Amino acid sequence: MQTPTQYAPCPQCKQSNAKPVTYTWWGGAIGPRMMSHVKCQNCNTQYNGKTGKSNTQSIIIYNLVVFVLAFCVCGGLAAVNVLLQNQ
Ligand SMILES: [Zn+2]
(Lines give C-alpha, C1' and ligand atoms only; values in the text may rest on other atoms or scores of the structure.)
Protein backbone atom coordinates (compact mmCIF):
# COMPACT_ATOMS: atom_id res chain seq x y z
CA MET A 1 0.00 0.00 0.00
CA GLN A 2 1.19 3.44 -0.89
CA THR A 3 0.73 6.17 1.64
CA PRO A 4 -2.40 8.10 0.65
CA THR A 5 -1.86 11.66 -0.40
CA GLN A 6 -3.74 14.52 1.13
CA TYR A 7 -5.16 15.45 -2.28
CA ALA A 8 -8.43 14.51 -3.93
CA PRO A 9 -8.26 11.84 -6.65
CA CYS A 10 -7.67 12.83 -10.26
CA PRO A 11 -10.90 13.77 -12.14
CA GLN A 12 -9.60 11.99 -15.25
CA CYS A 13 -8.18 8.68 -14.06
CA LYS A 14 -9.25 8.57 -10.37
CA GLN A 15 -5.69 8.01 -9.21
CA SER A 16 -4.63 9.82 -6.06
CA ASN A 17 -0.94 10.24 -6.73
CA ALA A 18 -1.02 13.97 -7.45
CA LYS A 19 1.87 16.25 -6.66
CA PRO A 20 1.54 19.98 -5.98
CA VAL A 21 2.38 22.28 -8.86
CA THR A 22 4.91 24.87 -7.75
CA TYR A 23 4.88 27.10 -10.82
CA THR A 24 2.48 27.72 -13.70
CA TRP A 25 2.46 30.05 -16.69
CA TRP A 26 -0.86 31.55 -15.59
CA GLY A 27 -0.26 32.04 -11.88
CA GLY A 28 3.50 32.18 -11.42
CA ALA A 29 4.51 30.78 -8.03
CA ILE A 30 1.57 32.15 -6.03
CA GLY A 31 -1.48 31.18 -8.09
CA PRO A 32 -1.12 27.38 -7.86
CA ARG A 33 -0.56 27.58 -4.09
CA MET A 34 -3.67 29.69 -3.59
CA MET A 35 -5.81 27.10 -5.41
CA SER A 36 -4.28 23.84 -4.19
CA HIS A 37 -3.29 23.24 -7.80
CA VAL A 38 -1.94 19.71 -8.21
CA LYS A 39 -0.84 17.57 -11.14
CA CYS A 40 -1.71 13.89 -11.56
CA GLN A 41 1.46 11.82 -11.90
CA ASN A 42 -0.46 9.26 -13.96
CA CYS A 43 -2.10 11.30 -16.75
CA ASN A 44 -0.63 14.79 -16.13
CA THR A 45 -4.05 16.33 -15.56
CA GLN A 46 -3.88 19.46 -13.44
CA TYR A 47 -6.74 20.09 -11.04
CA ASN A 48 -7.73 21.39 -7.62
CA GLY A 49 -6.31 19.04 -5.00
CA LYS A 50 -8.92 20.03 -2.44
CA THR A 51 -12.09 19.66 -4.48
CA GLY A 52 -10.89 17.13 -7.07
CA LYS A 53 -12.34 19.31 -9.80
CA SER A 54 -10.83 21.20 -12.68
CA ASN A 55 -9.28 24.52 -11.76
CA THR A 56 -10.09 26.14 -15.10
CA GLN A 57 -12.76 28.44 -13.68
CA SER A 58 -10.51 29.51 -10.80
CA ILE A 59 -7.66 30.11 -13.26
CA ILE A 60 -9.87 32.38 -15.38
CA ILE A 61 -11.00 34.33 -12.31
CA TYR A 62 -7.43 34.53 -11.04
CA ASN A 63 -6.24 35.85 -14.41
CA LEU A 64 -9.05 38.40 -14.50
CA VAL A 65 -8.08 39.66 -11.04
CA VAL A 66 -4.39 39.81 -11.96
CA PHE A 67 -5.26 41.55 -15.23
CA VAL A 68 -7.44 44.15 -13.49
CA LEU A 69 -4.79 44.73 -10.81
CA ALA A 70 -2.05 45.10 -13.41
CA PHE A 71 -4.30 47.39 -15.42
CA CYS A 72 -4.94 49.59 -12.37
CA VAL A 73 -1.23 49.73 -11.49
CA CYS A 74 -0.21 50.53 -15.06
CA GLY A 75 -3.06 53.02 -15.42
CA GLY A 76 -2.03 54.67 -12.15
CA LEU A 77 1.58 54.94 -13.26
CA ALA A 78 0.52 56.36 -16.61
CA ALA A 79 -1.66 58.93 -14.87
CA VAL A 80 1.24 59.94 -12.61
CA ASN A 81 3.47 60.25 -15.67
CA VAL A 82 0.96 62.50 -17.42
CA LEU A 83 0.61 64.65 -14.30
CA LEU A 84 4.38 64.97 -13.93
CA GLN A 85 4.87 65.86 -17.59
CA ASN A 86 2.16 68.49 -17.43
CA GLN A 87 3.96 70.44 -14.74
ZN1 LIG B 1 -4.90 11.34 -13.62
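**Rings and burial in a predicted model**

Me: Leaving aside its neighbours within four places in sequence, which residues is T24 in contact with?
Reply: Contact here means heavy atoms within 4.5 Å. Once neighbours within four places in sequence are set aside, the residues in contact with T24 are P32, H37 and Q46.

Me: What kind of model is this?
Reply: Residues are numbered from 1 along each chain as its sequence is written, and side-chain values use heavy atoms, with hydrogens and water left out. Local features need pLDDT of at least 70 and side-chain atom pairs count only at pLDDT 80 or more, while totals for chains, interfaces and linings use all residues, since the model is predicted.

Me: Is T24 buried or exposed?
Reply: T24 sits in the loop between β1 and α1 (helices, H or I, of at least four residues and strands, E, of at least two are DSSP runs, numbered from the N terminus). Buried means under 20% relative accessible area, exposed over 50%, and partly exposed in between, using a 1.4 Å probe and protein chains only. At 6% relative accessibility, T24 counts as buried.

Me: How many aromatic pairs does the structure hold?
Reply: Rings of Phe, Tyr and Trp (its six-membered ring) pair if their centres lie within 6.5 Å; planes under 30 degrees apart count as stacked, over 60 as edge-to-face and the rest as tilted. By that rule, the number of aromatic pairs in the structure is two.

Me: Which arrangement do the rings of W26 and Y62 have?
Reply: Look at the centres, which lie 5.8 Å apart. The two planes meet at 80 degrees, so the pair is edge-to-face.

Me: How many residues apart in sequence are the parts that W26 and Y62 tie together?
Reply: Both residues are buried, W26 with a relative accessible area of 8% and Y62 with 15%. W26 belongs to the loop between β1 (18–20) and α1 (31–34), whereas Y62 is in helix α2, so the pair links parts whose separation in residues is 36.

Me: Which arrangement do the rings of F67 and F71 have?
Reply: These two residues are both in helix α2, four residues apart, about one turn of the helix. F67 counts as exposed at 56% relative accessibility, and F71 is exposed too, at 58%. Their ring centres are 6.3 Å apart and their planes are at 25 degrees, so the pair is stacked.

Me: What distance separates the C-alpha atoms of V66 and K50?
Reply: V66 is another residue of helix α2, and it is partly exposed, with a relative accessible area of 37%. Along the chain, V66 and K50 are 16 residues apart, and their C-alpha atoms are separated by 22 Å.
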